[in-house]
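I set out to record what I looked up in this structure, entry by entry.

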Amino acid sequence: MRLRVQIPTVRPTVMRPVAECPYEDCDGRWFKLHQQHCDKAVRDMQYDHVEALRRKCLSCGRTHRVYPQGVSHAQQTDRVKGLSTLLYLLGISYRGVEDVFAAMGFYVSHATVWRNVQAAGEKARQLRQAWLARSGGVRVVGGDLTYVRCKGQEVVVGLVVDAQQDITLDIKVLDNQETETLKAWLLPLLELVGAENLSTDDADGFKEVADTAGVNHLVCRRHVSLNVLSFIAKAAEQVLKKPPAVPPELDVTPEQLLADLETLEWIVLGQPSHGARLLKEMYLRYASASPPQRGKRATLWYRMRNRVLHLWDHWHRLTGYLILKHDQGLELDGTNNSTERAIGWSVKERYRTMRGYKRITSILNVTALTAWLRDQSPGYDMSPIFAA
């Protein structure tokens with residue numbers, strides 16, 4: 001994994017006074033210096049102590065400390081928090097990070113590293129939600145599901161992105177992949193960002209989400225092509241080895257079936273403008289194929305019927321990206337690659353070095369933090385993630 005970020009720095013002479021009294025029951029904005037030198041021990045690679053100031057609020061009369069840049073009330077500096085978090089995201093275990101700091105000459109326990117990562121992840125989730133609330137409209141939202149292990153069980157993780165900008169919009173652990181679960185997750189988000197299009201794989205649940213939300217549904221042509229080409233290869237092999245008997249209700253021959261399989265391959269790969277008409281004509285040749293009896297395998301003729309019917313019904317979803325490209329100038333490739341890349345980098349990359357998670361919250365925190373840092377410009381300052 002490559003994360004080009006800037007670890008927080010510690011500047012003992014640069015103070016960070018708050019503009020408003022930090023006590024919740026006071027909104028005072030006027031202060032006076034109460035104590036000039038307040039020694040504070042810190043855990044850092046360069047300093048073992050810094051000096052803070054103490055100010056007195058003129059409204060409530062209480063005092064509070066003002067710390068230098070990169071220092072807070074915590075014993076660790078933000079630099080230690082940032083480095084420990086980054087080392088973990090890059091693949092080192094919690095105990096491994098502990099060993100790295102021990103080699104530097106000071107002690108940070110693996111439990112402290114874990115707390116740093118979790119706190120940073122929660123902050124990243126807050127930053128993501130705040131950014132999402134003020135972001136502009138997203139024309140094409142890409143969505144997909146993946147799986148990770150938590151306490152030995154497979155859990156469903158959903159991820160959505162801005163498919164044009166390759167920016168993660170949301171990561172959520174779902175109870176299952178049922179349609180109602182997908183709706184409860186995606187419908188509010190699509191409305192929030194003002195989405196016009198939803199790009200996903202060929203799963204029926206995503207189709208219902210798009211139709212319910214009233215947005216264009218773009219089905220990944222790569223997923224469809226691979227599935228159809230696999231069917232064509234197996235069907236052609238079956239016909240060439242042992243041509244199946246033609247049902248009496250159909251007026252076709254094995255030779256016609258082979259020709260239709262070849263045409264179907266051309267339609268799926270070429271996506272001609274008259275593809276829907278060609279699929280309709282092909283479907284009518286197999287429409288009368290009988291369904292299988294209970295406990296019996298469907299005939300090749302019936303499977304051909306269903307395959308062509310499915311493509312015909314959803315041809316507008318498969319070729320919708322071409323219409324958007326020609327009519328609206330949207331540069332889309334017709335795949336769901338942007339979402340799959342985000343899953344690979346934000347969910348799977350760190351997960352590959354793990355035996356699984358122990359908490360659902362940890363899944364959200366680690367993936368959200370990774371996605372947030374990945375989406376930032378090179379040299380992003382991690383300081384906001386550790387701000388009190």
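**Salt bridges**

I began with arginine 285 and aspartate 260, whose side chains form a salt bridge with N and O 2.8 Å apart. The model I am reading is a predicted one. Arginine 285 belongs to helix α8 (residues 275–286) and aspartate 260 to helix α7 (residues 254–270), so the bridge ties together parts 25 residues apart in sequence. Aspartate 260 is buried, because its relative accessible area of 3% falls under 20%. Arginine 285, at 33%, counts as partly exposed.

I next looked up arginine 128 and aspartate 375, which meet in a salt bridge at 2.9 Å, N to O. This pair links distant parts of the chain, 247 residues apart, from helix α3 to helix α13. Arginine 128 is buried at 8% relative accessibility, and aspartate 375 is buried at 19%. Salt bridges with shared partners join Arg128, Arg374 and Asp375 into one network.

**Nonpolar cores**

I noted that the largest nonpolar core has 42 residues, and that Tyr88 and Tyr357 are among those touching the most other members. Helix α13 (residues 360–375) supplies the largest share of this core, 7 residues. A further core, apart from this one, has 30 residues, including Ile267 and Trp301.

**Largest pocket**

I recorded about 550 Å³ of space in the largest pocket. Its lining has 19 residues, and Tyr88 and Lys358 are among the closest to the centre. Helix α3 gives the most to the lining, with 4 residues. I sorted the lining into 7 nonpolar, 7 polar and 5 charged residues.

Methods: Residues numbered from 1 in each chain as written. Predicted model: local features only at pLDDT ≥ 70, side-chain atom pairs only at ≥ 80, totals over all residues. Heavy atoms only, no water. Core = buried A, V, L, I, M, F, W, Y, C linked by side-chain atoms within 4.5 Å. Buried < 20%, exposed > 50% of the residue type's maximum accessible area, 1.4 Å probe, protein only. Helix = DSSP H or I, 4+ residues; strand = E, 2+ residues; numbered from the N terminus. 1 Å grid on protein atoms, 1.4 Å probe; cavity = no way out; pocket = protein on both sides within 12 Å on 5 of 7 lines; lining within 4 Å. Points joined across faces, edges and corners; volume = space filled by probe spheres on them. Nonpolar A, V, L, I, M, F, W, Y, C, P; charged D, E, K, R; others polar. Salt bridge = Lys/Arg side-chain N within 4 Å of Asp/Glu carboxyl O.
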